[in-house]
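Subject: Handover of a protein structure

Dear colleague,

Please find the structure below.

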Amino acid sequence: MSGYQQPPYGHPSPYGGPPPQQPYGHAPPQHPYSHPPPQHYGQHPQPGYGAPPQGLPYPPPQDPIAQHFHAVAGPDGQITAESLRNTLSESGISAYPRPGDAFSLETCRIMIAMLDTDFNGTMGLNEFRELCRAIEGWKSTFQRFDRDQSGTIEAEELHEAIRSFGYNLSRRTVEGMVSRYSRHSNHQVLFDDFIALSVRLRAISERFRSRDKAGQGYATIHYEDFIGMVMSI
């Protein structure tokens with residue numbers, strides 16, 4: 001395959017964007033007075049100085065990500081693509097670039113496949129946390145290259161975004177990707193489809209790289225291996 005120059009694959013940050021600010025899934029910082037004072041010289045904390053009444057446990061920290069996940073998870077602690085689509089919409093995580101926007105069912109299947117190491121077609125809580133961080137990374141990248149703030153990116157913007165991931169592809173290849181992922185055949189890629197494109201690009205590149213032992217940008221691949229490599233994402 002062509003298009004992989006020096007370095008042949010690049011070193012994209014996880015999921016195509018800078019580390020997100022992680023607004024989801026992390027407990028709000030505790031107030032400095034919500035902790036008991038240090039226990040000096042073996043003394044127990046006195047009620048009224050940040051310690052709960054004696055015998056009562058500290059309340060568990062809030063975990064919005066876990067709450068969203070468990071609201072739709074099945075008895076097995078897993079969520080399907082349909083459930084993922086619902087929770088991303090209800091939580092507002094998918095409400096970009098416009099309020100009320102939602103990911104397509106196909107994009108949700110692709111996101112599950114990205115993290116589905118046991119190939120059961122579902123997602124657990126830890127995978128859901130990782131996905132939420134990934135979405136923030138994709139969002140940051142999309143915002144950076146959607147310079148006219150139209151809510152879409154075109155071939156030139158996509159080409160720059162892909163280069164920022166560390167992949168060296170020709171303009172012709174990128175234009176073919178735009179045609180494939182332009183939902184309305186207007187040569188514009190929506191955020192939802194940008195995620196689907198980014199996941200597939202990364203997954204297929206990593207699978208190809210695992211077969212390119214010399215790191216030279218080409219490999220001999222059996223037909224069935226190739227089909228399995230590109231059709232499972």
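At 8% relative accessibility, D116 counts as buried, where buried means under 20% relative accessible area, exposed over 50%, and partly exposed in between (1.4 Å probe, protein chains only). D116 is placed in the loop between α3 and α4; helices (H or I, at least four residues) and strands (E, at least two) are DSSP runs, numbered from the N terminus. Not counting residues up to four places away in sequence, D116 touches G121, T122 and E127, contact meaning heavy atoms within 4.5 Å. From C-alpha to C-alpha, D116 and E127 are 8.2 Å apart in space, and they are 11 residues apart in sequence.

Please note that this is a predicted model, in which local features need pLDDT of at least 70 and side-chain atom pairs count only at pLDDT 80 or more, while totals for chains, interfaces and linings use all residues. Residues are numbered from 1 along each chain as its sequence is written, and side-chain values use heavy atoms, with hydrogens and water left out.

How confident is the prediction? The protein chain averages a pLDDT of 80, and 74% of the residues score at least 70; pLDDT is the predictor's confidence in each residue, from 0 to 100. Among the elements of the protein chain, α6 has the highest mean pLDDT (95) and helix α8 (residues 223–231) the lowest (91). Over residues 1–45, however, pLDDT stays under 50, and the model has 81 contacts beyond four places in sequence for them. Where pLDDT is low, the predicted coordinates should not be read in detail.

Two helix pairs deserve a description. Helix α5 (residues 155–165) and helix α6 (residues 171–181) pack at an angle of about 115°, with their axes 9 Å apart. Axes are lines fitted to C-alpha atoms, for helices over the stretch in contact, and angles run from 0 to 180 degrees between N-to-C directions. The angle makes α5 roughly perpendicular to α6 (under 35 degrees counts as roughly parallel, over 145 as roughly antiparallel, 65 to 115 as roughly perpendicular and the rest as oblique). On the α5 side the contact is made by A155, E156, L158, H159 and I162, and on the α6 side by R171, V174, E175, M177 and V178. These residues divide into six nonpolar, one polar and three charged. Here Ala, Val, Leu, Ile, Met, Phe, Trp, Tyr, Cys and Pro count as nonpolar, Asp, Glu, Lys and Arg as charged, and the others, Gly among them, as polar.

In the second pair, the axes of helix α4 (residues 125–145) and helix α7 (residues 191–211) come within 11 Å and cross at roughly 115°. That makes α4 roughly perpendicular to α7. Residues I135, W138, K139, T141 and F142 in α4 meet F191, F194, I195, S198 and V199 in α7. By class, this contact has seven nonpolar, two polar and one charged residues.

Some backbone details remain. Most residues other than glycine have a negative phi, and most peptide bonds are trans. Q149, which is not a glycine, has a positive phi of about 55°; Q149 lies in the loop between α4 and β1 (152–153) and counts as exposed at 60% relative accessibility. H187 has a positive phi near 60°, is found in the loop between α6 and β2 (189–190), and counts as exposed at 51% relative accessibility. The peptide bond from Y96 to P97 is cis, with omega near 5°, and P97 lies in the loop between α2 (81–90) and α3 (105–115).

Yours sincerely
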